[in-house]
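Keep the structure open while reading.

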Amino acid sequence: MTSLTMNNVRCFADPDPAPLAPLTLLVGENSTGKSTFLASVRLAWELAHDPMSADFNKEPFLLGSYDDIGNYRGSRWRADTFSVGFSCPFPKSTTKRWGTELTEDGVFLATFKRQDSLPVLAQWQFTAMPYGITLTFEDASTISACELMSPNGCYTLSGPAVEQMPAQYAGEPWYLAHVARSYLKRESAARLTEAGERPNEQHIRAISFVVRRIREEFLQRPYATAPIRTKPRRTYDPLSLRPEPEGGHVPMILAKTLSGKSRQRARLQKALEKFGKASGLYSAVKIKKLGRKEGTPFQVKLNFGGQPDFNLVDVGYGVSQALPIVVDIIRAEKGSTLLIQQPEVHLHPRAQAALGSLLIELAVAEKKRFIVETHSDYLIDRVRMDIRDSDKLSPKDVQLLYFDRQDGGNADIHALELDKQGNITNAPAGYRDFFLREEHRFIGV
Amino acid sequence: MALIIDANKVADYLNHTHDPANRVIYDWIENKGGKLVFGGRQLQEWGRINKAGRYVRTLLEAGRALKYATEEVDNKEGEVESTGLCHSDDPHVIALACVSGARVLYSQDRDLCDDFRNTNLVPRPRGKIYKRAQHRRLLLEAPACRSPSS
């Protein structure tokens, strides 16, 4: 995913597509749309994979009904439609496979309309010019038209053949190709000649490829963490390993991984200890089982070097708030995307800075993607310093997105550029004005 | 629009906040897109002055300052010294001007001001010296500096 597109989504009327990088940091005042942005990333993924199953109200992002999502247009009006989508690069090797060269970026866009106060899919579009497909929906289960784009132009399939397409198969490239082929076969030669824009077999295969390639952009569902983490407990019962936004699964993960003797254990322990020392939060994380049987309760213990181990509830609250994030980002699979809200809560600046280093290191070395909403200058500054001081990091590995509230309640997204020295080279008017004025006031201006 | 503030002016700049010359600079940075330029030994000298480190950090975080690579400025300082043309004991300031492209200096050091105006040391456009509030036009017309990574 190289950029996210949002139109008429909450406070975003029509912002430019927001560029993304391996580590994308979302900054700005409260209520400027940062969480909406994260929700939209997950929504875009879900829509691209299964347009019928998109959930606007799944923890940790609760977007509400249509009237809560559609951009406010004054008085009682909301925008008639809203859209979410993304663009992604096509590997150069694939762009020339189809006779006519594809543009480098594939684009996905889903548009919603209101039906009984709920958002329902109105249009679903995959393009990589000159190829593309647009499905138009009558309602949640009926497709009213299917438009194919090819070097021959646009060709619209409609009528019973299209209306009978089961909506749950709508996103499957093989099914789309099958429908398009059989439709074109059935159409009379006279009608097709009259239209003059009929895609040929190679075009249909190219369209099918475009859909498949864009959907493959995220192999795994983006995993989102909540802005607050679950309270620590003195003793845990081994229950579920299923990821929860508030990190309730992390003690179980630690118990399972750190109790074994696998390679995973060594890797997790090493990474946790490295972060613990850099952040000053602990020296080691340990699991104490309260019985011999598998499934017996356990405790999460922390060591500070030389002293006895302390229970997680007996140490600073910041440790229990940071641990779920740290474990999740270390364990995340290569290529996965994590949406993280306020990872710095309850952390001392030293630990916030260490978290910045960990994020950029994992994003680059292990090709993970993090989109992080943060108010932590220490985290951001550390990332800027790491870019400046490391030959392995480039300004392109990081994207700073500044969310700025405009008059009238809408918000804008500014993509800030960093140079190799970590300088921001295109700060927009108003960026961090508050901090500058406070500083000037502090020195007595 | 970029300005170099000589280290000998920093204490005055951060402490005499009612001085009209300083107030023009505060306003220029806050409201008119002005940027301060830092790098090499000049930045180290700033760092030794009370309150200055935090101020520089605030400016850098806000994109109202540019920091140039220490190595690049230090190398240029060596070149400046080797010309034998520098009369002041601040060749690092001259080096920073050459590296950054900034051509306005806030300083009271007469030798440094002479060096800064010397086009054999600081290539054209010719360097100019900001000294008092009446010189505000120098700030508004100051040339942009080059991107540190280019």
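At roughly what angle do the axes of helix α13 of chain A and helix α4 of chain B cross, and within what distance do they come? The model is predicted, so local features need pLDDT of at least 70 and side-chain atom pairs count only at pLDDT 80 or more, while totals for chains, interfaces and linings use all residues. Residues are numbered from 1 along each chain as its sequence is written, chains are lettered from A and ligands numbered from 1 in the order in which they are written, and side-chain values use heavy atoms, with hydrogens and water left out.

**Helices across the interface**

The axes of α13(A), residues 433–442, and α4(B), residues 52–61, cross at roughly 160° and come within 9 Å. That makes α13(A) roughly antiparallel to α4(B). Angles under 35 degrees count as roughly parallel, over 145 as roughly antiparallel, 65 to 115 as roughly perpendicular and the rest as oblique. Axes are lines fitted to C-alpha atoms, for helices over the stretch in contact, and angles run from 0 to 180 degrees between N-to-C directions. Helices (H or I, at least four residues) and strands (E, at least two) are DSSP runs, numbered from the N terminus.

On the α13(A) side, Phe435(A), Leu436(A), Glu439(A), His440(A) and Phe442(A) meet Arg54(B), Tyr55(B), Thr58(B) and Leu59(B) of α4(B); contact means heavy atoms within 4.5 Å. Five of the residues in the contact of α13(A) with α4(B) are nonpolar, two are polar and two are charged. Here Ala, Val, Leu, Ile, Met, Phe, Trp, Tyr, Cys and Pro count as nonpolar, Asp, Glu, Lys and Arg as charged, and the others, Gly among them, as polar.

Helix α4(B) also packs with α12(A), residues 377–389, at an angle of about 80°, with the axes 12 Å apart. That makes α12(A) roughly perpendicular to α4(B). From α12(A), Asp377(A), Tyr378(A), Asp381(A) and Arg384(A) take part, and from α4(B), Arg57(B), Leu60(B) and Glu61(B). The residues of the contact of α12(A) with α4(B) divide into two nonpolar, no polar and five charged.

**The interface as a whole**

Chain A gives 25 residues to the contact and chain B gives 28 residues. Between them the chains bury about 2,300 Å², with 50% of it on carbon and sulfur atoms. Buried area is the accessible area (1.4 Å probe) that two parts lose on being put together, summed over both. Of the area that chain A buries against chain B, 25% comes from Leu436(A), Glu439(A) and Ile443(A), more than from any other three residues.

**Salt bridges**

Side chains of opposite charge can pair when their charged atoms come close. A salt bridge is a side-chain nitrogen of Lys or Arg within 4 Å of a carboxyl oxygen of Asp or Glu. There are 25 salt bridges over all chains, and the count between chain A and chain B is five. Two examples follow.

| Pair | N to O distance |
|---|---|
| Arg64(B) and Asp433(A) | 2.6 Å |
| Arg234(A) and Asp314(A) | 2.9 Å |

Arg234(A) and Asp314(A) meet in a salt bridge. Arg234(A) lies in the loop between β12 and α8 of chain A and Asp314(A) in the loop between β15 and α10 of chain A, so the pair ties together parts that are 80 residues apart in sequence.

**Backbone details**

Which peptide bonds are cis? One runs from Glu59(A) to Pro60(A), with omega near 5°, and Pro60(A) lies in the loop between β4 and β5 of chain A. Another runs from Arg124(B) to Pro125(B), with omega near 5°; Pro125(B) lies in the loop between α7 and β5 of chain B. Ser117(A) is not a glycine, yet has a positive phi of about 70°.
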